[in-house]
Each structure stands twice: as structure tokens, then as C-alpha cells.
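Here is a protein chain to look at, together with some questions about the words used to describe it. Each answer sets a value against a definition and then concludes.

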Amino acid sequence: MSAVHWIRSRQEERELDYWLSIVAFERQDRSFLNRLYLLYLFIFFGAWIFAMLTFFASGGALILRLVGSVDPRQAALSLELLLLGAWSIYSLWRSCRRSPVVFSEADEVIICHTPVDRRLVTARWFFMPWFKSALFFWIIAIILGFSIAEISMPGVMGANRIPEYAVYGIRPWLAILPIQFGLFAFQWAVGIFRLQKGEEKRWLGWIVTPVAIVFFTLLFVLLLPASSMTYPSLRLTAATVTYPLQVGFSGQNLGLTLLAGAIFGLLMFVLMVWVSSTFSLSRAAQETREAEALKSAGRYGMSNYAEEIQTRRRLGVMRSPSRLPPLFGAGSLVWKGLLQARRTFRLTSLFPWFSIAALAFGISLLPDPGSLILVVAFWVIQVGQRSVARLRSDLSLWPLSRQLPISHKRFVLAELAPTFFLILAVSLAGFLIGSAVFAKPLGMASLIIPGLVASVAGISAYDVIQRSRSNLLLVGSVPSIGARGILLGLLIAVVILLVAFILPGIAGIALSVILGLSLAWFTFGLAARSYGDIRSS
């Protein structure tokens with residue numbers, strides 16, 4: 001066990017050093033100034049995290065009032081249960097396809113082929129992945145608790161009421177901690193049970209995943225207020241199952257609830273350790289060593305290499321040739337992009353688009369200029385990264401791209417246009433849905449979005465192309481959008497929106513539309529000219 005602990009502790013230390021390096025903290029430095037700097041980091045990030053949680057709690061309170069106008073606590077419980085259920089179903093499905101215990105290539109050589117106790121390895125490998133998965137639910141629980149505080153606490157919020165305010169967030173966090181721990185341990189138990197020595201239970205996913213879908217669906221539906229009239233006994237049973245989570249949002253005693261949750265989590269952990277006695281570590285390493293390599297490549301900035309490996313793995317060598325339409329010139333680039341998007345599609349590739357829609361939804365929700373600028377900044381980052389993704393992919397094949405008989409303007413237009421229309425559709429959908437949900441007449445304001453998207457896409461493409469060098473492109477090294485491109489995109493967005501704020505009514509919107517389209521044309525010209533320069537160099 002000491003050897004297993006030593007290996008795993010070194011991996012955890014490397015993980016910790018990676019995150020500490022972001023804030024320029026050296027863990028090996030034992031000087032007084034370095035320890036003082038660590039104290040400063042705790043104070044600074046503690047205050048910053050608390051401020052950000054309270055900021056999101058104000059928006060969460062508005063959503064809870066809208067969804068659960070009668071009982072916001074019940075709405076918070078339903079939202080938390082919905083997230084837990086969706087995560088549990090997806091994690092169980094993934095555990096039935098790939099080992100939840102992830103080993104690197106070095107782990108396979110050092111540990112997986114040795115007669116080490118499988119139970120000790122599983123227990124030691126468990127806690128860091130659990131902590132990473134739990135962080136999201138801890139944050140959501142605290143935000144929902146603070147949202148309840150925003151609704152429930154009367155009077156003016158002063159510094160003397162911070163402890164009372166904090167209790168509203170700590171209670172849901174304490175309630176969900178053992179529940180999420182137990183669910184995570186159960187997901188590992190299922191994945192480990194599938195990979196036993198001498199046998200791989202491929203049929204397990206066809207049983208566990210549908211049962212989980214039915215269970216969480218019934219649990220969520222039976223907790224809805226309408227089900228109390230139709231199925232009172234079943235709703236009482238569902239409320240008993242979710243009682244530990246419900247206590248976190250109420251003022252009831254947490255003692256028995258925490259004890260019950262701790263027992264549940266401990267039983268699931270013991271179950272996981274028990275089924276791992278005959279766990280096939282070599283099979284787990286075969287399924288996960290490539291995923292661990294991809295994660296390491298992404299962490300150290302080798303994103304192009306990681307994307308290339310993922311694309312090759314998904315395409316395989318057994319696919320039939322594609323039927324290409326008779327498109328010539330720049331149209332062939334558009335079709336190539338569509339073909340690549342279809343063949344490399346994954347569910348995780350939808351997350352950036354969902355983020356763009358959610359941020360556009362938030363723009364219609366936040367009337368405060370400070371909050372609006374913050375949301376617009378995140379939106380600009382997402383739009384900029386999505387806009388140049390296809391352009392960076394083709395620039396990485398510079399020996400081929402440079403020889404295409406396509407003018408520099410048509411090339412840049414073909415690279416940006418398909419993504420522009422998709423970003424425009426997603427942003428308009430989020431913005432209009434938000435204005436409809438919150439009953440705000442923002443239909444005319446949506447006319448600003450096309451110029452806004454096109455301007456951000458143009459300046460992002462200009463930044464990537466202008467920072468590219470032919471000698472680096474020859475080896476597939478393409479820069480991503482830098483701080484300059486993000487700041488210029490944010491500046492353009494703020495200027496366009498500021499015009500609409502300063503000149504209210506149709507005149508301000510019309511001027512913002514004209515300004516957005518003009519900046520879009522100007523930034524597109526900069527990008528095309530920069531591409532012509534590196535192509536002729």
C-alpha cells in the first residue's frame with residue numbers, strides 16, 4: 001500500500017503544482033514571504049469566490065421566483081435534483097463504456113501488471129476524481145442557498161448579516177456532500193463490476209442506464225406539485241428519498257440528515273471497494289491510457305495534437321468514402337467543414353454552443369451595465385473561439401491551404417461564414433427566448449446581434465492570422481486567439497452596445513446596426529489582408 005500511495009501522491013502533487021503555477025505560487029519555497037503570499041491568496045480568492053457566488057445568487061433568486069413563485073425552496077430542490085439526475089445517468093452510461101478508474105501509460109507499466117491489491121488501488125484512486133466532480137455540485141448548492149437567502153432575508157443586507165447569509169449556502173452544501181459522494185461511488189462500482197478478471201460484462205449498460213433514467217424521471221415528476229393530487233402516496237415516497245436534500249434548503253435540524261447521508265455514502269464506498277477485489281486493472285488501463293494522454297496534452301497547451309488524435313480515433317479506417325457534391329473554389333471549403341463537423345460530432349461539442357446561447361439569454365436578463373459588460377465579455381470570448389476554430393484547423397495544414405487556387409478574401413469568407421450563421425442563430429435564439437421569458441420588448445434590439453457577431457468574428461480571425469508565422473504553420477503550429485483579440489472584440493462590442501444605450505429608441509438601434517456592420521466589414525478586410533500577407537511571404 002505504501003508504494004501505491006507514494007505513486008498516487010506524486011500524481012496529486014503534480015496536479016496541485018499545475019493549478020498553483022497559475023497563481024505563481026511555488027509549493028517548494030518554504031520562505032516566510034511565500035507563506036505570506038499563500039495567506040494572501042486564501043484571503044483574495046475567498047473574498048472573490050464569495051462575491052461571485054452572491055453575484056450569481058441574485059440571478060438565481062430571480063429564476064427561482066419565476067419558476068417557483070409559490071415555494072422557491074421546492075424550485076431549488078427540483079433544480080438540484082434535475083442536475084444530479086442528469087449527471088448520474090450520463091456518468092453511469094459512460095462507466096458502462098469506459099473504466100471510471102483512469103490510468104496513464106506509466107501506471108499500466110508500474111501498477112496494473114503487478115499483484116497489488118485491487119481494492120487498495122481503487123480506494124486510493126477514488127478521491128481526486130470525486131473532488132473534481134463534486135466541485136460543480138457544491139457551487140450550485142451554495143448558489144441556490146444564497147438565492148433562497150436573497151428571497152427570504154428581509155431588510156438591508158449589511159456586513160453584520162454575512163454569517164446569517166452564509167448559513168443559507170452552507171446548509172445545502174452539507175446536505176448534498178454525502179449524497180453526491182455516494183452516487184459517485186456507485187457509478188465507480190458499476191464501472192468496476194463491468195471489468196472483472198476474465199470477463200467483461202458488456203450487457204451491464206443495457207440494464208443500469210434505463211433503470212437510472214426511469215428512477216430519476218419518476219423522482220423528479222413525483223416531486224412536482226401537480227402530482228400531489230394524483231399520486232399522494234407515491235409523492236410521499238419520493239419526498240422521503242429526497243428529504244436529505246430538502247432539509248438543506250429549510251431550517252430543520254441537519255444532524256439526522258447528515259448521519260443518513262454519511263451512512264449512504266459509506267455503504268456505496270464499501271460496495272465499490274468490495275466489487276473491486278477482482279477488478280481487471282490491465283483492461284481499465286487499455287480503455288483509459290489514451291484519454292489520460294489527451295488530458296495531459298490539453299493541459300500543457302498541445303490542443304491541436306489532442307484534437308488531431310481525437311479526430312483520428314473517431315474516424316477510424318473502415319468508413320466508406322464520402323459523396324462529395326460538385327462544389328468548386330471556396331464552396332469546397334464550406335462542404336469540407338460541414339463534413340468534418342458531422343464526422344467529429346460529440347455531445348461535448350454542444351457545450352460551447354450552449355454557453356453562447358446561455359450568455360445571450362443572460363444579456364436580456366441583466367439590465368445593470370456592470371453585470372451586462374461581464375456577461376458580454378464571456379460571450380465575446382466564446383464567440384471569438386468558435387469563430388476561428390475552423391480557420392485554425394485549416395491553417396494547421398498550411399502546405400495544402402497555401403496552394404489552394406482561392407483568393408485570400410474568398411478563403412477567409414469561406415472559413416468564417418458557416419460558423420457566423422450558426423453563432424448568429426444560437427445567439428438570437430438565446431436572446432429572444434430570454435426576452436420572451438422575462439416579458440421584455442427586445443425584438444428591435446436583436447437587430448444589433450448580426451453586426452456584433454460578425455465584428456467579433458472578424459477581429460478574432462485578424463488576431464489569429466496576424467500572429468501566425470509561415471515557418472510555424474509549416475509544422476502545424478497555429479496560435480489561438482490572444483488577449484489582444486479578446487480585448488479588441490470586447491471593445492467593439494461595448495462601443496456598439498454603448499451607442500444603443502446612449503441613443504434610446506429606433507435611432508440608437510439603427511446607428512448601432514450600421515456601426516456593427518461597418519466594423520464587421522472593416523475587420524473582415526483586416527483579416528483578409530493579413531492572410532494575403534502571410535500567403536505571399
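Q: How many helices and strands does the protein chain have, and what counts as a helix or a strand?
A: The protein chain has 23 helices and two strands, where helices (H or I, at least four residues) and strands (E, at least two) are DSSP runs numbered from the N terminus. This is a predicted model, in which local features need pLDDT of at least 70 and side-chain atom pairs count only at pLDDT 80 or more, while totals for chains, interfaces and linings use all residues. Residues are numbered from 1 along each chain as its sequence is written, and side-chain values use heavy atoms, with hydrogens and water left out.

Q: What share of the residues in the protein chain is called buried?
A: Of the 537 residues in the protein chain, 42% are buried, a word that stands for under 20% relative accessible area, whereas exposed means over 50% and partly exposed lies in between (1.4 Å probe, protein chains only).

Q: Why is Ala185 called buried?
A: Ala185, which is found in helix 6, has 0% relative accessibility and therefore counts as buried. Leaving aside its neighbours within four places in sequence, Ala185 is in contact (heavy atoms within 4.5 Å) with Phe126, Met268, Phe269 and Met272. Ala185 and Gly265 are 80 residues apart in sequence, yet their C-alpha atoms are 7.5 Å apart in space.

Q: What makes Val101 count as buried, and where is Val101 placed?
A: Val101 lies in the loop between helix 3 and helix 4 (105–112), and because its relative accessibility is 0%, Val101 counts as buried. Apart from neighbours within four places in sequence, Val101 is in contact with Trp125, Trp188, Ile192, Phe279, Ala284 and Thr288. The C-alpha atoms of Val101 and Trp125 are separated by 7.0 Å, although these residues are 24 positions apart along the chain.

Q: Why does Thr209 count as buried at 11% relative accessibility?
A: The value for Thr209 is 11%, so Thr209 counts as buried. Thr209 is found in helix 7 (residues 205–222), and, with neighbours within four places in sequence left aside, Thr209 is in contact with Ile89, Leu92 and Trp93.

Q: Why is helix 1 called roughly parallel to helix 5?
A: The axes of helix 1 (residues 2–22) and helix 5 (residues 118–152) come within 9 Å and cross at roughly 15°, which makes helix 1 roughly parallel to helix 5. Angles under 35 degrees count as roughly parallel, over 145 as roughly antiparallel, 65 to 115 as roughly perpendicular and the rest as oblique. Such axes are lines fitted to C-alpha atoms, for helices over the stretch in contact, and the angles run from 0 to 180 degrees between N-to-C directions.

Q: Which residues of helix 1 and helix 5 meet?
A: Val4, His5, Ile7, Arg8, Ser9, Gln11, Glu12 and Glu15 in helix 1 meet Val121, Arg124, Trp125, Met128, Pro129 and Lys132 in helix 5.

Q: How do you know that helix 3 is roughly parallel to helix 6?
A: The axes of helix 3 (residues 72–95) and helix 6 (residues 162–194) cross at roughly 20° and come within 10 Å, and this angle makes helix 3 roughly parallel to helix 6. Among the residues that make the contact are Leu84, Trp87 and Leu92 of helix 3, and Ile176, Leu183 and Phe184 of helix 6.
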